[in-house]
Amino acid sequence: MTQPIPMVEIWRGDLLESQHLGHAVVCDTSGNVVEAWGDDEKVIYPRSSCKMLQALPLIESGAADAFGLTPEQLALSCASHKGAAIHTDRVQVWLDTLGLQVSDFRCGPQKPSDKDAHDALIRAGKQPCQIHNNCSGKHSGFLTLNKHLGEGPDYVEVDHPVQRAARAAFEEMTGETAEFYGIDGCSAPNFSTTVTGLARAMARMAKPSGSDARAKASTRLVDAMRAHPDLVAGEGRACTELMRAMDGKVAIKTGAEAVFVAILPEQGLGMALKIADGGTRAAEAAIAGLLVKYGALDANHPMAKKRLHGPISNWNGLITGHMRLSPGFLQL
């Protein structure tokens, strides 16, 4: 099948009001496809779902150890955070340790999605800065690698040594040559892969083989994410809530335009999915469904129910509808 399949349905009363179509793949540690839906060879941009791959050179190069990075900082290097104080305070300390300034970032300023942080800026009469950018942890990792390498300041350029290292790690882990690249929301290049390639990379991070630098780096990043789900995203976000619901046994990561991945060390599996219309609610429902299917997430956990079913309510608090997985995708 080369077309996306129906994955998530939105019901209002007895009428199917909306439907989200997509692609999904589950791979094992050998890189074999265990199960697939839609077009497993669909070429996509993984967006922020691949931050773990972009962070591999940070550890493999020796930069992380040279600067004494903690598991919290490694988790932030994989994060799409809300700009809450628990995120921005740590990023500021990281910059101070490097002897760098906010102006050294190339990610651009962004309003924090954390309400308390947003309100605090307004009360103080301040504007958001680059530390508030949801990718400031990833860019702190880039800056750390860049300082270790002693290269020029424009580390987001596609031909810069930092991005060449990120691309090499990405292609080696996906097992594919990136046919395209685009510029992400944080100004860094984002390289293309198939949905299968992305799932393969996640499976390789789930149970790295051998004891080389790549295996050790993969383990450290996954362990950091599982230990610090609050730093990977933030309160109310699917990544944080679902990782907590799975008691730190699984690492998951969302990406813009409805990409989602999961790394399941106990099962030795990697998952990747893309919702065709870019609908985040559908990507969250679909990844929750896959995690339930493969025994990582309890379907009765409140955070699983929240993502799988809703419910959908109106401004008056009335329940007006619900979500469900399309029967042709998953029946839990």
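This report walks through salt bridges, a surface patch, a helix crossing and some backbone features of a predicted model.

## Salt bridges across the chain

Side chains of opposite charge can pair when their charged atoms come close. A search of the whole structure turns up 17 salt bridges. Three of them are described here, starting with Asp184 and Arg47.

Asp184 forms a salt bridge with Arg47, and the closest N and O atoms are 2.7 Å apart. The pair links distant parts of the chain, 137 residues apart. Asp184 sits in the loop between β5 (181-183) and β6 (189-191). Arg47 sits in the loop between β4 (43-44) and α1 (51-60). Asp184 has 10% relative accessibility, so it counts as buried. Arg47, at 21%, counts as partly exposed. The cut-off explains the labels: buried means under 20% relative accessible area.

Arg106 and Asp154 also meet through their side chains, with a salt bridge of 3.1 Å from N to O. Arg106 lies in the loop between α4 (85-98) and α5 (115-124), while Asp154 lies in the loop between α6 (136-149) and α7 (161-174). The pair therefore ties together parts that are 48 residues apart in sequence. Arg106 is partly exposed, at 26% relative accessibility. Asp154 is partly exposed as well, at 37%.

## A buried pair and its network

Arg307 and Glu241 form a salt bridge of 2.3 Å, N to O. Arg307 belongs to helix α13 (residues 302-309), and Glu241 belongs to helix α11 (residues 238-245). The pair thus ties together parts that are 66 residues apart in sequence. Both Arg307 and Glu241 are buried.

This pair has further partners. Glu241, Glu284, Lys306 and Arg307 are linked in a network of salt bridges.

Tyr45 is found in the loop between β4 and α1. Arg47, the salt-bridge partner of Asp184, is placed in the loop between β4 and α1 too. Tyr45 has 34% relative accessibility, so it counts as partly exposed.

How many of the 10 residues of α1 are buried? Nine are, so α1 is largely enclosed by the rest of the structure. The buried residues are Lys51, Met52, Leu53, Gln54, Ala55, Leu56, Pro57, Leu58 and Ile59. Lys51 and Gln54 are included in that buried set.

Helix α9 (residues 213-227) crosses α1. The two axes come within 9 Å and cross at roughly 120°. That angle makes α1 oblique to α9. The crossing is right-handed. After α1 comes Gly62, with a positive phi near 95°.

## Backbone features in loops

Glu257 has a phi of about 60°, although it is not a glycine. The other is Ala258, which lies in the loop between β8 and β9. Phi of Ala258 is near 65°, again positive in a residue other than glycine.

Ala258 has 1% relative accessibility, so it counts as buried.

A cis peptide bond joins Gly310 and Pro311, with omega about -5°. Pro311 is placed in the loop between α13 and β11 (312-313). Helix α13 is the one that holds Arg307.

## Ala296 and Met243

Ala296 is placed in the loop between α12 (280-293) and α13. Ala296 is buried, with a relative accessible area of 17%. Ala296 and Met243 are 53 residues apart along the chain. Their C-alpha atoms are separated by 9.9 Å.

How values were computed:
Residues numbered from 1 in each chain as written. Predicted model: local features only at pLDDT ≥ 70, side-chain atom pairs only at ≥ 80, totals over all residues. Heavy atoms only, no water. Salt bridge = Lys/Arg side-chain N within 4 Å of Asp/Glu carboxyl O. Helix = DSSP H or I, 4+ residues; strand = E, 2+ residues; numbered from the N terminus. Buried < 20%, exposed > 50% of the residue type's maximum accessible area, 1.4 Å probe, protein only. Axes fitted to C-alpha atoms, helices over the stretch in contact; angles between N-to-C directions. Parallel < 35°, antiparallel > 145°, perpendicular 65-115°, else oblique. Left-handed = near helix turned anticlockwise from the far one by under 90°.
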